[in-house]
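Please read this briefing alongside the sequence and the coordinates. It goes through a few helices and their surroundings in turn.

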Amino acid sequence: MTASPGLVVAPHARASEAGAAILREGGTAVEALVAASAVCAAVWPHMTGLGGDGVWLLAGPDDAAPAVVESIGRAGEQAGALAEILRAEGLTEVPARGPRAALTAPGTVAGWARALRHEDAGRLPLSRLFAEAVDLARDGVAVSPHLAEVLDRLESEAASWPGFAQTVERTGGTLRQPALAATLERLAEAGLADFYSGETARALASDLAVADCPLTGADLSSHAARMVGALALRSRIGSVYAPPPPTQGLTALMMLGLFDRLQAPEPDGFDHWHGLIEAAKQAVLVREAVLADPDTMSADAASFLGATDLAMRASDIVPNLALGWPVDAAPGDTVFLAAIDDAGRMACTLQSLYAEFGSGVVSPQTGVILHNRAAAFALDAGSPRAVAPGRLPPHTLSPVMAVLKDGRRMMAGAAGGDAQPQAVAQILARHLTYRQPLDEAMAAPRFRLGKDGPEDADDVKLENGADPRVVEALRAAGHAVRMIAAPNALTGQAGAVVRHPDGRTEGAADPRAEGSVAEA
């Protein structure tokens, strides 16, 4: 815990320090996170970048609920024609890699702009916010262990990605992205709207056309970030908020709400682990049944957070028996960033390319790596998740904010696809229900329910450190438990910040990532 007037949490230490430097110069929480996000694009390009999507939660020191900035790209105008072609080719899903995967507009930059406008930020110019990222992208940054592992694993596959080798330059242990540096400088000079309707947009659209991507300049110019209402969960400890569909914020809130009703007496016992795992199953079943573009959903997401519905689903959880589990996995390579500034404002954002390096399509002129969120669409024309022009794809992003009865205010989130809401719920259960210190709650063993990919087993991956007797009890109850090394990125790479009623702040960075907490 710290008495510092502000702090930044990010999954890479260079990003945390860049954001904290902005706070020390008088910048706001949002400005700090824009700077940190740009640095992440330079140092962790496999996880996030200007070609991805983003969701923000923003709150003033006295706001009862956070504002939500949703900057999720819609399927482009050619989506319908592409779906017909894919079905005619006998495919059952949108490809996860290659030009056809770049079908939805990138929302990250529009999210930056909308968050800055909401906070009425403008203390520092964009040139200052991007300065550290520009230097790192142009001059080079040491390849971190996490990035090195991904680059080595994908080396042969990435060799065929349009624009990748000429844009993401790896020389020994150094990574350079000079085109990205130039794009950030251009946006600092011309404004963030240039990404969608200016010189940057024209260069990006030109490269997409050369790569035979279905995304067009018109799709870019039509994108806009939106302010949307947060979903809310009322619990014994206070109110918890998350973004609405198409994100899986509903999944995180349902998991917390169900576990709250189970009232497991102590951490790390059988009831704790069994309750959280079974709560995750119930929440994911709802997600699979209803989550889609809000305009195509058959049910109101908020209805699943009411006391009656949660009580009914909690009663379906058998105290000593595991529910069988056959649900496909969603990939996820994401960054979570959070900040508190000297005025007590709080901000957090999850930004993502979806898979590692997204679609694998890179714009040589701009250095932008295009995400592959379109892979979450269905090709079945009768599905509410069917790909169609103007539709939002299902999204894994799920940051949360808790406004507690004791006056504390907390923001948390995690990378990791399906693991995102699971990680957040596990951390909040430890910290808020069992009052474990934030660092301990962040570092404690976690599980991941379900597959990590198509070839993975549909089991419960539990980090080493759990009581072996409890593990055996879980297996006896029918849980397919597989022990994994700890700490393990499979269980999510999380972060959290807390502001206390007296103004003290604290933060925690996940040991499963390469991040830190940096004070202003």
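Which residues in α10 are buried? They are Ala-179, Leu-180, Ala-181, Thr-183, Leu-184 and Leu-187, where buried means under 20% relative accessible area, exposed over 50% and partly exposed in between, with a 1.4 Å probe and protein chains only. This is a predicted model, in which local features need pLDDT of at least 70 and side-chain atom pairs count only at pLDDT 80 or more, while totals for chains, interfaces and linings use all residues. Residues are numbered from 1 along each chain as its sequence is written, and side-chain values use heavy atoms, with hydrogens and water left out.

**Helix α10**
- Helix α10 (residues 178-190) has 13 residues and reaches 18 Å from its first C-alpha to its last, close to the 18 Å expected at 1.5 Å a residue.
- The cover over the buried residues of α10 includes α2 (29-43), α6 (131-139) and α12 (199-210), with contact taken as heavy atoms within 4.5 Å.
- Just after α10, Gly-191 takes a positive phi of about 100°.

**Helices α1 and α2**
- The axes of α1 (residues 13-24) and α2 come within 8 Å and cross at roughly 150°.
- The two helices are therefore roughly antiparallel to each other, a term for angles over 145 degrees.
- Residues of α1 including Ala-15, Ala-18 and Ile-22 meet residues of α2, among them Ala-32, Ala-36 and Val-39.

**Glu-157**
- Glu-157 lies in helix α8 (residues 155-158) and, at 32% relative accessibility, counts as partly exposed.
- Glu-157 and Tyr-196 are 39 residues apart in sequence and 29 Å apart in space, C-alpha to C-alpha.

Notes. Helices (H or I, at least four residues) and strands (E, at least two) are DSSP runs, numbered from the N terminus. The expected span of a helix is 1.5 Å times one less than its number of residues. Axes are lines fitted to C-alpha atoms, for helices over the stretch in contact, and angles run from 0 to 180 degrees between N-to-C directions. Angles under 35 degrees count as roughly parallel, over 145 as roughly antiparallel, 65 to 115 as roughly perpendicular and the rest as oblique.
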